[in-house]
Amino acid sequence: MGQTEYKQFCQNICYLRQKNKINKKQMASIMHVAPCTLERIEAGEIPDKLLVDVFERLAICFDLHIADLFAPTEEFIKIAKGERNEGNQHRSVLPEPALSTPQISSECVGDGADAGDQHRCGSAD
């Protein structure tokens with residue numbers, strides 16, 4: 001996957017959170033990542049160890065296809081507003097326990113910060 005798609009993903013995550021009036025702490029919880037990891041994503045940086053089930057959780061929570069998360073901005077805004085031409089039916093490809101069990105530690109992914117090192121993670125809102 002190219003840098004353009006990664007950049008789109010970062011922008012689309014930020015759009016989803018703001019559109020749905022979800023604070024960073026809540027969105028991080030949905031994604032099962034630390035709030036500082038979400039801040040890095042929204043700043044345009046994809047962590048090296050972002051698990052695939054993060055994409056699955058986002059797709060399920062916001063009724064999207066995983067591929068939608070990487071769509072260009074104008075297209076993504078239409079999709080997020082429910083203006084998709086085709087049916088938006090999808091099913092989970094992960095076993096149920098994987099969706100309900102967090103698999104990412106509370107530490108910042110990939111930046112070496114301690115879980116208790118709050119000043120490096122920024123605000124939760």
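## Overall organisation

Among contacts in the protein chain between residues at least 6 apart in sequence, 68% join residues at least 24 apart; contact here means heavy atoms within 4.5 Å. The model is predicted: local features need pLDDT of at least 70, side-chain atom pairs count only at pLDDT 80 or more, and totals for chains, interfaces and linings use all residues. Residues are numbered from 1 along each chain as its sequence is written, and side-chain values use heavy atoms, with hydrogens and water left out.

The protein chain contains 6 helices and 0 strands, where helices (H or I, at least four residues) and strands (E, at least two) are DSSP runs numbered from the N terminus. Read from the N terminus, the order of elements is α-α-α-α-α-α. Of the 125 residues in the protein chain, 42% are buried. A residue is called buried under 20% relative accessible area, exposed over 50%, and partly exposed in between (1.4 Å probe, protein chains only). The accessible surface of the chain is about 7,400 Å², and carbon and sulfur atoms account for 50% of that surface. Such areas come from the Shrake-Rupley method with a 1.4 Å probe, and for residues only the protein chains shown count as cover.

## Packing of α1 with α2

Helix α1 (3-19) and helix α2 (residues 24-31) have axes that come within 10 Å and cross at roughly 120 degrees. Axes are lines fitted to C-alpha atoms, for helices over the stretch in contact, and angles run from 0 to 180 degrees between N-to-C directions. The two helices α1 and α2 are therefore oblique to each other. In this scheme, angles under 35 degrees count as roughly parallel, over 145 as roughly antiparallel, 65 to 115 as roughly perpendicular and the rest as oblique.

The crossing of α1 and α2 is right-handed. A crossing is left-handed if the near helix is turned anticlockwise from the far one by less than a right angle, and right-handed if clockwise. Ile-13, Leu-16 and Arg-17 of α1 make the contact with Lys-24, Met-27 and Met-31 of α2. By class, this contact of α1 with α2 has 4 nonpolar, no polar and 2 charged residues. Ala, Val, Leu, Ile, Met, Phe, Trp, Tyr, Cys and Pro count as nonpolar, Asp, Glu, Lys and Arg as charged, and the others, Gly among them, as polar.

## Packing of α2 with α4

Helix α2 also packs with helix α4 (residues 52-61), at an angle of about 115 degrees and with the axes 8 Å apart. That angle makes α2 roughly perpendicular to α4. On the α2 side the residues are Met-27, Ile-30 and Met-31, which meet Val-54, Arg-57, Leu-58 and Cys-61 in α4. The contact of α2 with α4 comprises 6 nonpolar, no polar and 1 charged residues.

Helix α4 is mostly covered, with 7 of its 10 residues buried. These buried residues are Asp-53, Val-54, Phe-55, Glu-56, Arg-57, Leu-58 and Ala-59.

## The covered helix α3

Helix α3 (residues 35-42) is mostly covered, since 7 of its 8 residues are buried. They are Cys-36, Thr-37, Leu-38, Glu-39, Arg-40, Ile-41 and Glu-42, and they pack against α1 and α2.

Thr-37 lies in helix α3 and counts as buried at 0% relative accessibility. Thr-37 and Pro-47 are 10 residues apart in sequence, and their C-alpha atoms are 7.4 Å apart in space.

## Loop residues and backbone angles

Most residues other than glycine have a negative phi, and most peptide bonds are trans. His-32, in the loop between α2 and α3, has a positive phi near 60 degrees. His-32 is buried, with a relative accessible area of 18%. The C-alpha atoms of His-32 and Leu-51 are separated by 9.6 Å, although these residues are 19 residues apart along the chain. Leu-51 is in the loop between α3 and α4 and is partly exposed, with a relative accessible area of 31%.

Asp-63 follows α4 and is found in the loop between α4 and α5 (73-80). Its phi is near 55 degrees, a positive value in a residue other than glycine, and at 43% relative accessibility Asp-63 counts as partly exposed. Gly-44, which follows α3, has a positive phi near 100 degrees.
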